[in-house]
Amino acid sequence: MTEATMTIRQMCDEFDVTPRTLRFYEAKELLFPIRERQKRLFTKRDRARLKLILRGKRFGFSLEEIRQLLDLYDMGDQQRTQLARTYEIAKERLADMEAQRDELTQAIDELKEQMRWGEKMLASMDQTKKAAE
């Protein structure tokens, strides 16, 4: 192994992923490790791609969106197309995430209100029970 390559174990340790995850991304043609018999050696390019894949997944991008963005890297326009498309997808994803957050905030507020109502009902029932005793 050279400094330019990493084994599957090193990749797992570096990026906190499982070997299965790396094999999955390889099967989906998102990573292209060098194969030496049974051994997989990941290049700097693979490491950069994995970093982008994991970031994209964290932000909720689909694997197909991630693939398309990674494929745009080699367009020859100093990544302008890739960056522009990434920005478009990120903008859409941010709007989705903000809408989800707003819906979740509303659901939390409603649940808190219902819990306050339930708390009052229980307290009222407890008072009624004590008064009857």
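These are my notebook entries on a predicted model of one protein.

**Entry 1: overall layout**

I started with the secondary structure. I count five helices and three strands in the protein. Along the sequence they run β-α-α-β-β-α-α-α.

Next I checked the dimensions. The radius of gyration of the protein is 25 Å, whereas a compact globule of 133 residues would have one near 14 Å. I then took the box around the C-alpha atoms along the principal axes, and it came to roughly 80 × 35 × 20 Å.

Of the 133 residues, 23% count as buried. The protein exposes about 10400 Å², and carbon and sulfur atoms supply 52% of that area.

I also asked about contacts between residues at least 6 apart in sequence. Of these, 46% join residues at least 24 apart.

The protein has 27 positive and 25 negative charges, and their mean positions lie 6 Å apart.

**Entry 2: Glu26**

Glu26 sits in helix 2, which spans residues 19-27. Is Glu26 buried or exposed? Its relative accessibility is 17%, so Glu26 counts as buried; the cut-off for buried is under 20%.

Which side chains make polar contacts with the side chain of Glu26? I found Arg40 at 2.5 Å. I also found Arg35, at 3.3 Å.

I then listed the contacts of Glu26, leaving aside its neighbours within four places in sequence. The list reads Leu31, Pro33, Arg35 and Arg40.

Glu103 is 77 residues away in sequence, and the C-alpha atoms of Glu26 and Glu103 are 36 Å apart in space.

**Entry 3: Leu50**

I turned to a leucine in helix 3, which covers residues 44-58 and contains Leu50. Leu50 has a relative accessible area of 0%, so it is buried.

What does Leu50 touch, not counting residues up to four places away in sequence? I noted Met11, Phe15, Leu22, Tyr25 and Leu31. Leu31 is also in contact with Glu26.

Leu30 is 20 residues away in sequence and 8.1 Å away in space.

I then looked at backbone angles. Most residues other than glycine have a negative phi.

Asp16 is not a glycine, yet its phi is positive, about 55 degrees. Asp16 counts as exposed because its relative accessibility is 72%.

Arg37 is not a glycine either, and its phi is also positive, about 55 degrees. Arg37 is in the loop between strand 2 (34-36) and strand 3 (39-43). Its relative accessible area is 81%, so Arg37 is exposed.

I noted the neighbouring strands too. Arg35, a polar partner of Glu26, falls in strand 2 (34-36). Arg40, another polar partner of Glu26, falls in strand 3 (39-43).

Key: Residues are numbered from 1 along each chain as its sequence is written. This is a predicted model: local features need pLDDT of at least 70, side-chain atom pairs count only at pLDDT 80 or more; totals for chains, interfaces and linings use all residues. Side-chain values use heavy atoms; hydrogens and water are left out. Helices (H or I, at least four residues) and strands (E, at least two) are DSSP runs, numbered from the N terminus. Buried means under 20% relative accessible area, exposed over 50%, partly exposed in between (1.4 Å probe, protein chains only). A polar contact is a pair of N or O atoms within 3.5 Å; within protein, one must be able to donate a hydrogen and the other to accept it, and residues adjacent in sequence count only if both atoms are side-chain atoms. Contact means heavy atoms within 4.5 Å. The radius of gyration is taken over C-alpha atoms; the globule rule is 2.2 Å times the number of residues to the power 0.38. Accessible areas come from the Shrake-Rupley method with a 1.4 Å probe; for residues, only the protein chains shown count as cover. Lys and Arg count as positive and Asp and Glu as negative; His and the chain ends are not counted. The place of a charge is taken as NZ of Lys, CZ of Arg, CG of Asp or CD of Glu.
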